[in-house]
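Please keep the sequence and the coordinates in view while reading.

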Amino acid sequence: MTRRKVSIIGAGQVGATCAHWLAQKQLADIVLLDIVEGLAQGKALDLYEASPVGRFDVRITGTGDYRDTAQSDIVIITSGLPRKPGMSRDDLLATNARIVADVTRQVVAHSPQTILIVVSNPLDVMVAVAAEVGQLPKQRILGMAGILDTARYRSFIAEALQVSVTDILAILLGGHGDDMVPLPRYTSVGGVPLTELMDAETIDRIVDRTRNGGIEIVNLLAKGSAFYAPSAGAVEMVQAILQDQRRILCCCAWCDQEYNVGGHFVGVPIVLGANGVEKVIELDLTEPEKQLFSASVRHVAELTATLTTMGI
Ligand code: APR
């Protein structure tokens, strides 16, 4: 059997932790790449040296050379600055757009058949940048944000109800974080609608904490932003693709006619399988939900337009 290959660009907190989860799951050989000399090499070697104890049999390579990423089945882009306290994701726009554009160009030149998963922020716009530069079929460009937002939401619900996190299923729409559109009526606890188990006020409190989930971590860490949950989300996407699981997951994906978005990358529930986005699932939204979703799409569109005026 040929071995699968996943490259991770950016060997910082998110990238290195992606490599860690991926190795533990033995999903593929891993190439970790960073612009900082020695960083990817050091972390890859350290992780490889953990493999006899962790019992994972995968090849882990650290590099600064894109030729080592050639023919990757999937590339995860995590390169870029994280937030500091007081910063919004949008404050990262220009710097990270330049980094994501440069990285995507080199990634696609060496792996034209790859599926790209972008994690860098501000997420939805960075996916648009990668799509513009990479010119891959839209089905093969995705962003990881919805899984993170739903994971935060699910973990807070499980904690409040004192039940297993694995029994909470949820869908969220829209842009990452502040812009997300919560859908409590599509949240279930072991099959029971959340609205039957929790009062509206508690749900609102949890939704609010979820919206601010990223900044809560940024403020606690004081330098750097979340990395365990974001990387776990990216690896869940990798697994769905490599094992053609056809998972229903909230991801940032191309929507044109879908939800009348009109050609933007935004967070929606999709079926994720071997070809990337197999299908966008369209929900019958209520009027208030539609309005929240349109506001979220507008925000993504405005940020993307800002980039054009900056000439990026
Ligand atoms: N090419 C390759 N690697 C790069 C480049 C580049 N052009 N520019 C920066 N990097 C690397 C940095 O050297 C660093 O090691 O990207 C890495 C980013 O790691 P961290 O600073 O630890 O940031 P991290 O917490 O991993 O977040 C990365 O993901 O969740 C988002 O908002 C977050 O945009 C941020 C990204």
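**Helix packing, ligand surroundings and loop geometry**

In this predicted model, helix 3 and helix 9 are roughly perpendicular to each other, because their axes cross at roughly 75° and angles of 65 to 115 degrees count as roughly perpendicular. The points below give the details by topic.

**Helix 3 and helix 9**
- The axes of helix 3 (residues 93-110) and helix 9 (residues 287-310) come within 11 Å.
- Helix 3 contributes Leu 93, Ala 94 and Ala 97 to the contact, while helix 9 contributes Leu 303, Thr 306, Leu 307 and Met 310.
- Of the residues in this contact, six are nonpolar and one is polar, with no charged residue taking part.

**Ligand surroundings**
- The ligand is surrounded by 19 residues, of which Gln 13, Val 14, Asp 34, Leu 81 and Asn 121 are the closest.
- Oxygen atoms of the ligand lie 2.9 Å from a backbone N or O atom of Gln 13 and 2.9 Å from a side-chain N or O atom of Asn 121, whereas a nitrogen atom of the ligand lies 3.4 Å from a backbone N or O atom of Ile 35.
- The ligand taken alone exposes 730 Å², and the protein buries 86% of that area.

**Loop geometry**
- Most residues other than glycine have a negative phi, and most peptide bonds are trans.
- The peptide bond from Asn 121 to Pro 122 is cis, with omega near 0°, and Pro 122 belongs to the loop between strand 5 (115-118) and helix 4 (123-134).
- Ala 222, in the loop between helix 7 (213-221) and helix 8 (228-242), has a positive phi near 65° although it is not a glycine.

Key. Residues numbered from 1 in each chain as written. Predicted model: local features only at pLDDT ≥ 70, side-chain atom pairs only at ≥ 80, totals over all residues. Heavy atoms only, no water. Axes fitted to C-alpha atoms, helices over the stretch in contact; angles between N-to-C directions. Helix = DSSP H or I, 4+ residues; strand = E, 2+ residues; numbered from the N terminus. Parallel < 35°, antiparallel > 145°, perpendicular 65-115°, else oblique. Contact = heavy atoms within 4.5 Å. Nonpolar A, V, L, I, M, F, W, Y, C, P; charged D, E, K, R; others polar. Near = heavy atom within 4 Å. Polar contact = N/O pair within 3.5 Å; in protein donor to acceptor, adjacent residues only side chain to side chain. Areas by Shrake-Rupley, 256 points an atom, 1.4 Å probe, with all protein chains shown as cover.
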